[in-house]
Structure formats: structure tokens, C-alpha cells
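Trainee: Hi! Could we go through this one together?
Mentor: Happy to, let's bring it up.
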Amino acid sequence: MASFEKNWEKALELLRGDISEASYEAWIEPLHPKSLDHSKKILYVECDNRYIIQVFNKRYLQLFENAISVAYGEDLHVEATVFERAMEPEKMGPSNSIADYPLDDELSQENYLNPRYNFESFVVGKTNEFAYTAARAVAEAPATKYNPLFLYGGSGLGKTHLMHAIGHYILKNNKNKKVLYVTSEMFTNELISSLGNTDTRLKAHKRQTQFRNKYRKVDVLLIDDIQFLEGKEATQTEFFNTFEALYSRNKQIIISSDRPPQELKSLDERLTSRFLWSMAADIQAPDYEMRIAILLKKAEEENIEITPDVRAVIGLIAEKIPYNVREMEGALNRITGFSTLMQKPITMAFARTTLKDILANSDSIISTESIKRNVCKYYNVTLKDMDSPKRARSIAYPRQIAMYLAKELTDQSLPKIGETFGGRDHTTVLYACNKIREDMKENSTLKEEIEEIKNMIR
Ligand code: ADP
Ligand code: MG
């Protein structure tokens with residue numbers, strides 16, 4: 001075997017131990033090595049399914065690059081592209097990059113549902129409780145209660161996860177139901193492909209009928225990231241017709257978006273008005289406790305033992321990556337992946353090195369200055385007083401809070417923090433940190449105040 005293939009096998013072997021068997025089969029196995037460009041340091045891989053590449057890029061690229069770099073013995077990037085099939089004449093549409101979506105009359109049960117995205121693996125908390133409950137209700141009794149269901153929220157907060165969970169649940173409990181999950185991008189691409197103008201008229205007609213049948217014969221349509229349709233008028237019209245066809249026959253429709261319906265400005269009014277009548281449920285960024293719970297769940301899924309060190313590392317990630325579960329998960333994967341590859345235990349020091357760039361990023365955003373400014377604003381203290389020797393409680397206590405936050409939110413050392421607070425000693429900072437930490441345990445109002453200040457800072 002040439003070393004190129006050998007190294008490829010080695011990389012796969014490394015990865016296999018790192019992710020669940022199901023994920024490996026779904027997202028890694030379909031990839032094939034194509035070529036290695038030494039000068040650009042890029043390994044090109046191919047796959048015949050665009051969605052797999054999308055998921056791969058989102059979830060596994062980092063881990064994969066690590067494994068590839070170790071196996072090939074050099075720092076490599078990985079670029080995945082859609083496998084160019086030999087073109088059959090009838091497949092030639094205006095955009096051949098999407099030749100990988102078969103336009104079948106029969107809707108296959110292969111709905112691209114990620115096996116890991118189910119209700120059991122979804123952590124429920126204050127910020128997603130409503131969306132979860134609505135999703136669950138729809139899954140248990142499609143097209144009876146909330147139709148359409150409109151899930152919205154920022155990137156990486158679990159919209160796709162919930163949609164797949166609904167899909168799994170319905171398929172499991174009712175094998176006869178036709179469930180179709182698509183991203184709005186897939187929908188658009190398929191539509192364009194179905195309109196291919198190199199066909200004979202008859203063929204073109206057949207393709208369009210196939211497209212319509214595919215979408216209008218389902219019992220449950222899940223369409224992800226509807227904001228992608230903004231500005232795409234022809235696709236919107238087609239989607240509107242699909243929507244009406246399904247809705248009038250009492251079929252369940254579930255839509256996700258990164259914004260609430262009223263903020264989808266360049267979308268056909270006929271669509272937005274229907275969305276406005278839908279059951280809209282938002283998902284917000286998880287709070288600290290929830291972030292910890294999610295990370296613990298992910299660690300458990302990957303069979304990682306929760307040692308005190310791992311728990312501390314999870315705390316670090318939850319603290320540093322507040323807004324995006326996907327990124328949080330990526331950070332955890334990176335640490336566990338590296339730890340396996342390098343056969344090193346997971347410790348705080350190891351985590352800090354592995355996440356150097358991410359931590360540097362979050363630290364550069366949050367400076368001691370901005371912490372001070374926000375604490376001053378919150379407690380109505382002047383910046384000058386904050387740095388002064390004054391010891392009145394109305395000033396000293398906010399100062400201690402600011403020190404505590406500086407320790408929590410930045411990577412600054414205690415002496416360095418002391419220096420920025422009017423040249424105080426590091427023991428003063430340490431004392432402040434411990435005090436606030438203790439006070440927070442007893443005093444839930446203080447805890448809330450500190451959460452609010454953190455939000456202001458960010
Ligand atoms: P979105 O579609 O909103 O951009 P995803 O559904 O793709 O986000 O979620 C990103 C990642 O975060 C996924 O791996 C998902 O499993 C995970 N995730 C998000 N929210 C939760 C949650 N509440 N519990 C468990 N995992 C979550
Ligand atoms: Mg998504």
C-alpha cells in the first residue's frame with residue numbers, strides 16, 4: 001500500500017476511537033482521500049453527498065485535521081469537495097454540483113437525520129424549555145396542535161438538533177409516516193436542478209413533477225434555516241406552494257430560522273404572514289449551569305470519564321464560550337481528541353494549551369477595563385474610586401466584584417489584576433475572589449447581579 005493510503009488508514013484508525021461508531025459511519029466513512037498538495041499543505045477528500053460534507057465541516061473538521069496531521073506527520077488542512085460523477089446526460093442541469101440529490105418519486109426513509117440528535121440527548125433548561133415542549137408536542141401528535149411550528153434562535157443553539165429529534169420520534173412511533181428533513185439550501189438546490197433547461201420538455205416536466213411530489217406527498221416536512229430563502233423569489237414561491245399544499249391537507253410543517261418571523265424582511269409577505277400565525281418558539285443561549293449540563297452530557301455520550309480534572313475543564317469551556325453550543329462542543333471535542341491522539345490525560349493545563357487560540361480570543365474581547373467600566377456603571381461608582389484606596393463598602397464591594405470578574409473572565413494573573421486596580425497586592429485580589437465566590441453561594445441576588453454584569457460585559 002502506498003504511504004498515502006497507509007496514512008489515511010492510520011488517521012481513520014485514530015479517529016475511530018474518538019467518536020461514536022454511528023457518527024463515524026455516518027460522517028467519516030463516506031469520505032475518500034483524493035490527493036495531497038504538499039505545497040499548500042492541503043489534503044483533498046471527496047464525498048458524493050453534499051450534506052455529509054456540510055456536517056463533516058461543521059462537526060468533525062477540526063478533529064479530522066488533527067488526526068490527519070498526526071498520521072501524515074505534517075500539519076495539514078483538509079478540504080472536502082463533492083465527488084464529480086461522470087455526467088450522465090439527463091443529470092446535466094444548470095448546476096451540476098447538486099447532481100447528488102436524486103429526484104426520486106419514492107421518498108426514501110433516508111432523511112439525513114443525525115442519529116445523535118434526539119430528544120434524549122437534548123438538555124432542557126430555562127432558555128429552551130418552551131421550544132423543547134413545543135417540539136415534543138408536535139412529535140407526539142403531528143399536525144394536531146402546533147402547525148406550523150416555527151423554531152428560531154441564534155446559530156449553534158440547538159434548532160437543527162430539535163428538528164432531527166422530532167423527525168426521529170415520529171419515524172420511530174409511526175413507520176408509515178413520511179418524514180422529510182431538508183435544509184433550505186437543499187430545497188433551493190433541488191428546485192434549481194429540477195428546472196434544468198437542457199432537458200427535453202417532457203423530461204423537464206417529469207423532473208418538476210418529481211420535485212413537487214417529493215415535497216407534497218410527505219406527512220411531516222422539516223425545513224431548516226428558512227432565512228436562506230431571503231431574496232430568492234422563485235424558491236420562495238415554490239416553497240409557498242408546497243406549504244399551502246401540505247397545510248391544506250393538514251400535514252405537519254416545522255420551520256427553523258435564525259430570526260423571528262417578523263424580522264425576515266426580504267421574504268414574501270405571504271410566507272411571513274403564515275409564519276406569524278404559526279406557533280413560534282425561540283431558543284436562547286444557555287446559562288452557565290445549562291452549559292455545564294450540556295457539556296457533561298456530550299462527555300457522557302463520548303464515554304469520557306468525568307474526573308475532577310474533566311469537570312474543571314468543562315467549567316473552563318462553559319465560562320469561555322457562552323453563546324454557542326456548537327463551539328462549546330467543538331472545544332470539548334478538540335480537547336478529548338487531542339488527549340487521545342497524544343495519549344495525555346485531560347487536565348486544565350492541557351486544556352488551556354489546546355484551546356489557546358479560543359481563549360486568547362475570548363480574553364482579548366473581555367478586558368479588565370471593560371469589566372471595571374461595567375461594574376462601575378452597574379453599582380454607580382466612578383472609575384477613579386474603583387482604583388482609589390477608599391474602603392467604604394459602597395465602593396470596596398463593587399471593587400471586589402470587579403476583581404473577581406477579572407479573575408474569572410480574563411487570563412490575567414492575580415498580581416497583574418492587582419496592578420490594574422490602583423496597584424493593589426495580589427493577596428488582596430485573592431481575598432476578593434474567594435470572598436465573592438463564597439458570598440455568591442449564600443446570596444442568590446448577588447449571583448444574579450453578577451450574571452447581569454457579565455452579560456453587560458459581553
Ligand atoms: P443550530 O441549528 O441552532 O445552529 P444545532 O442544532 O446544530 O444548532 O446545535 C449545535 C450543536 O449543539 C449540536 O451538536 C447540538 O447537539 C448541540 N446542542 C445545542 N443545544 C443543545 C442542548 N440543549 N442539548 C444538547 N446539545 C445541544
Ligand atoms: Mg442548524
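Predicted model: local features only at pLDDT ≥ 70, side-chain atom pairs only at ≥ 80, totals over all residues.

Trainee: Which residues make the contact?
Mentor: On the α10 side you'll find Y288, R291, I292, L295, L296 and A299. Facing them from α11 are R311, I314, G315, I317, A318 and E319. Sorted by type, the contact of α10 with α11 has eight nonpolar residues, one polar and three charged.

Trainee: What about α17 and α19, at what angle do they pack?
Mentor: About 95 degrees, with the axes 8 Å apart; α17 is residues 393-409 and α19 is residues 426-442. The two are therefore roughly perpendicular to each other, α17 against α19.

Trainee: Which residues meet there?
Mentor: From α17, the list is Y397, Q400, I401, M403, Y404, K407 and E408. In α19 they meet several residues, including T428, V429, Y431, K435 and M440. The contact of α17 with α19 divides into 10 nonpolar, two polar and five charged residues.

Trainee: One more pair: how do α6 and α8 pack?
Mentor: Helix α6 (residues 184-194) and helix α8 (residues 233-248) have axes 10 Å apart and an angle of about 100 degrees. So α6 is roughly perpendicular to α8. F187, T188 and L191 of α6 meet A234, T235, E238, F239 and T242 of α8. By type, the contact of α6 with α8 holds four nonpolar residues, three polar and one charged.

Trainee: Switching topic! How many residues surround ligand 1?
Mentor: There are 19 around ligand 1, and the closest are G156, T160, H161, R326 and E329.

Trainee: What does G156 do there, atom by atom?
Mentor: One of its backbone N or O atoms lies 2.6 Å from an oxygen atom of ligand 1. The side chain of T160 has an N or O atom 2.7 Å from a ligand 1 oxygen. For K159, a side-chain N or O atom is 2.8 Å from an oxygen of ligand 1.

Trainee: Now the backbone. Is the peptide bond from N147 to P148 cis or trans?
Mentor: That bond is cis, with omega near -10 degrees. P148 belongs to the loop between α4 (129-140) and β4 (149-153).

Trainee: And what is phi of Q343?
Mentor: Phi of Q343 is near 50 degrees, a positive value in a residue other than glycine. You can find Q343 in the loop between α12 (325-341) and α13 (348-354).

Technical notes. Residues numbered from 1 in each chain as written. Chains lettered and ligands numbered in written order. Heavy atoms only, no water. Contact = heavy atoms within 4.5 Å. Helix = DSSP H or I, 4+ residues; strand = E, 2+ residues; numbered from the N terminus. Nonpolar A, V, L, I, M, F, W, Y, C, P; charged D, E, K, R; others polar. Near = heavy atom within 4 Å. Polar contact = N/O pair within 3.5 Å; in protein donor to acceptor, adjacent residues only side chain to side chain. Axes fitted to C-alpha atoms, helices over the stretch in contact; angles between N-to-C directions. Parallel < 35°, antiparallel > 145°, perpendicular 65-115°, else oblique.
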